[in-house]
Amino acid sequence: MPRARLAVTLPSSSPLGHVTRAHPDAHVSVHTAVPNVDAGGVTANAALRAPELPSLVAALDAADGATLDVLARDAERARCRVRLADAAAIRAVASAGVPPAFPFPVADGTLRLEVTAPGSALSALPDALEAAGVEFDVTSVSPSAESPLLTPRQWRTLDVAVRGGYFETPRGCSLETVAAEVGVAKSTCSETLRRAEGAVLSRYLETGTVPGETA
């Protein structure tokens with residue numbers, strides 16, 4: 001099925017949009033997000049990471065339209081459950097019947113989604129976002145594939161590593177940084193990256209193409 005990536009600009013009324021703009025070094029990784037049927041908004045499980053974590057947690061807890069429960073934390077990371085009154089983007093995606101791949105990141109007021117769905121459903125997504133007043137850009141669209149080369153986790157981990165400069169010389173980010181953004185343990189991240197690298201290299205050596213390309 002086709003896969004699309006979107007960059008959603010969160011409005012100032014969004015707690016995540018407001019707080020991540022005020023803390024540009026912060027990274028929020030949303031692991032689950034369930035629309036609240038009766039009250040509106042969503043309830044999400046998320047991982048927070050920031051150099052000044054107490055300030056980030058306090059800001060999100062105090063934000064209008066957000067209720068925060070910290071489940072676990074250390075010096076720079078926290079796992080929490082947050083109820084958001086304003087989550088138009090997530091609800092619009094759900095209403096279009098196009099489930100996003102989890103986890104997805106929020107940083108500096110931008111939420112980045114990766115969705116995979118039949119072409120008809122994927123075509124309906126922009127209309128749903130526009131109807132909800134959500135500003136967004138489609139950053140990439142990959143063609144249909146009978147059998148995806150990478151699992152959603154492998155694709156997400158490899159994408160974070162490439163965008164962060166993990167494979168550059170010198171490296172632009174560490175394995176710990178990639179693992180933190182994806183929201184997994186360092187050992188899990190390393191294994192996922194190795195499997196993804198192996199799959200991509202094997203495909204390239206066999207066909208001369210990589211995921212997202214056509215032969």
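How many bridges join S1 to strand S7, and in which sense do the two run? There are 7 bridges, and S1 and S7 (residues 110-116) run antiparallel. Keep in mind that this is a predicted model.

**The sheet**

Let's stay with S1 for a moment. Strand S1 covers residues 3-9 and is mostly covered, with 6 of its 7 residues buried. On the S7 side, Leu6 stands opposite Leu113. S1 also pairs with strand S8 (residues 135-142), again antiparallel and again through 7 bridges. There, Val8 has Phe136 of S8 as its bridge partner.

Zoom out and you get an open sheet of 8 strands, paired antiparallel, in the order S4-S5-S3-S2-S6-S7-S1-S8. Strand S4 (66-73) and S8 sit at the edges with a single partner strand each, so one side of each has no neighbour in the sheet. On average, neighbouring strands of this sheet are turned by 25° against each other, ignoring direction. At the S4 end, the partner is S5, joined in the antiparallel sense over 7 bridges. Thr67 stands opposite Arg83 of S5.

Here are the strand pairs with a bridge count and a partner pair:

| Strand pair | Bridges | Residues opposite each other |
|---|---|---|
| S1 and S7 | 7 bridges | Leu6 and Leu113 |
| S4 and S5 | 7 bridges | Thr67 and Arg83 |

**Helices against the sheet**

Helix H2 (residues 53-62) lies across strand S3 (42-49), S4 and S5, and runs at about 150° to S4. H3, in turn, lies across S1, strand S2 (27-35), S3, strand S6 (104-107) and S7, running at about 50° to S2.

H2 also meets another helix. Its axis and that of helix H1 (residues 15-22) come within 10 Å and cross at roughly 150°. Angles over 145 degrees count as roughly antiparallel, so that is how H1 and H2 are arranged. The crossing of H1 past H2 is right-handed. The residues that meet are Pro15, Leu16 and Val19 from H1 and Leu56, Ala59 and Leu60 from H2.

Nonpolar side chains tend to be buried together in soluble globular proteins. In this model, the largest nonpolar core has 46 residues, and the members touching the most others are Val8, Leu48, Val98, Leu111, Leu125 and Leu129. Helix H4 (residues 119-131) supplies the largest share of this core, 5 residues. What does Val98 touch, leaving aside residues up to four places away in sequence? The list is Val93, Val115, Ala117, Ala121, Leu122 and Leu125. Apart from this core lies another one of 16 residues, including Trp155, Leu158, Val178 and Cys189.

Val178 turns up again in helix H6 (residues 175-182), where it is buried along with Leu175, Ala179, Ala180, Glu181 and Val182. With 6 of its 8 residues buried, H6 is largely enclosed by the rest of the structure. After H6 comes Gly183, with a positive phi near 90°.

**A loop residue**

Is Ala87 buried or exposed? Its relative accessible area is 9%, and since buried means under 20%, Ala87 counts as buried. Ala87 lies in the loop between strand S5 (77-84) and helix H3 (88-95). Not counting residues up to four places away in sequence, Ala87 touches Gly41 and Val42. Ser120 is 33 residues from Ala87 along the chain, and their C-alpha atoms are separated by 24 Å.

Notes
Residues are numbered from 1 along each chain as its sequence is written. This is a predicted model: local features need pLDDT of at least 70, side-chain atom pairs count only at pLDDT 80 or more; totals for chains, interfaces and linings use all residues. Side-chain values use heavy atoms; hydrogens and water are left out. A nonpolar core is a set of buried Ala, Val, Leu, Ile, Met, Phe, Trp, Tyr and Cys residues joined through side-chain atoms within 4.5 Å. Buried means under 20% relative accessible area, exposed over 50%, partly exposed in between (1.4 Å probe, protein chains only). Helices (H or I, at least four residues) and strands (E, at least two) are DSSP runs, numbered from the N terminus. Contact means heavy atoms within 4.5 Å. Two strands pair if DSSP finds at least two bridges between them. Axes are lines fitted to C-alpha atoms, for helices over the stretch in contact, and angles run from 0 to 180 degrees between N-to-C directions. Angles under 35 degrees count as roughly parallel, over 145 as roughly antiparallel, 65 to 115 as roughly perpendicular and the rest as oblique. A crossing is left-handed if the near helix is turned anticlockwise from the far one by less than a right angle, and right-handed if clockwise.
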